[in-house]
Amino acid sequence: MQLRAVIEELERTGFLVGDWKYVEPSWRPAYRVMTDEMLRRGIDCEGRPPVWAWMGADSGEENVLMTARMLLSDADFDSGVGVVDMEVPDELVLRSSYFQWNELLSRVLSGEQSPAMDWSIDPEEEDTTEEFQVQACLPLLRGSWVRGSRPIDPLWRLDD
């Protein structure tokens, strides 16, 4: 899920990378835990924060909208939001548990000095048909990996 302007930039430039100016300062220690683990596994973000993605073939519109509503603001929806479907080379993906990521964020925000993340993924988290449970962090996104994009309609109702 990305802002329409970001998707247009990806289409124009052919790539997308993270930028620390978009990362909440209080979250940066958690992001550094992620980038350190990526580098340990041979995935170099070259000093930038990762690009986040969700695992799965096609999650279905309801799951996409629920997750977008959790993570994005009304202002984001007003400016336009879309979903980018892509295939990324496995060697450039760090898969992790979204639950464990949120636990790490909680510890960082509560002031834990040396936060660590549990990198295991429970078997039940592997089933992404219910909700987004396995996340993917990438060092960048290349336009050649994109298989398509589509807008998210903010008026689509979950209770219909």
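Strand β6 covers residues 134-138 and is mostly covered: five of its five residues are buried. The model is predicted.

Which residues of β6 lie on each side? Val134, Ala136 and Leu138 are on one side. Gln135 and Cys137 are on the other. Both faces are covered, and these residues are all buried. In a regular strand, side chains alternate between the two faces of the sheet.

Strand β6 also has pairing partners. Strand β3, residues 51-54, runs antiparallel to β6, and four bridges join the two. Strand β5, residues 94-97, pairs with β6 over four bridges, again in the antiparallel sense.

| Strand paired with β6 | Residues | Bridges | Sense |
|---|---|---|---|
| β3 | 51-54 | four bridges | antiparallel |
| β5 | 94-97 | four bridges | antiparallel |

Is leucine 140 buried or exposed? Leucine 140 has 14% relative accessibility, so this residue counts as buried. The cut-off for buried is under 20%.

Which residues does leucine 140 contact, leaving aside neighbours within four places in sequence? They are Leu16, Val17, Val51 and Trp145. Glutamate 46 is 94 residues away from leucine 140 in sequence. In space, the two are 9.7 Å apart, C-alpha to C-alpha.

How values were computed
Residues are numbered from 1 along each chain as its sequence is written. This is a predicted model: local features need pLDDT of at least 70, side-chain atom pairs count only at pLDDT 80 or more; totals for chains, interfaces and linings use all residues. Side-chain values use heavy atoms; hydrogens and water are left out. Buried means under 20% relative accessible area, exposed over 50%, partly exposed in between (1.4 Å probe, protein chains only). Two strands pair if DSSP finds at least two bridges between them. Contact means heavy atoms within 4.5 Å.
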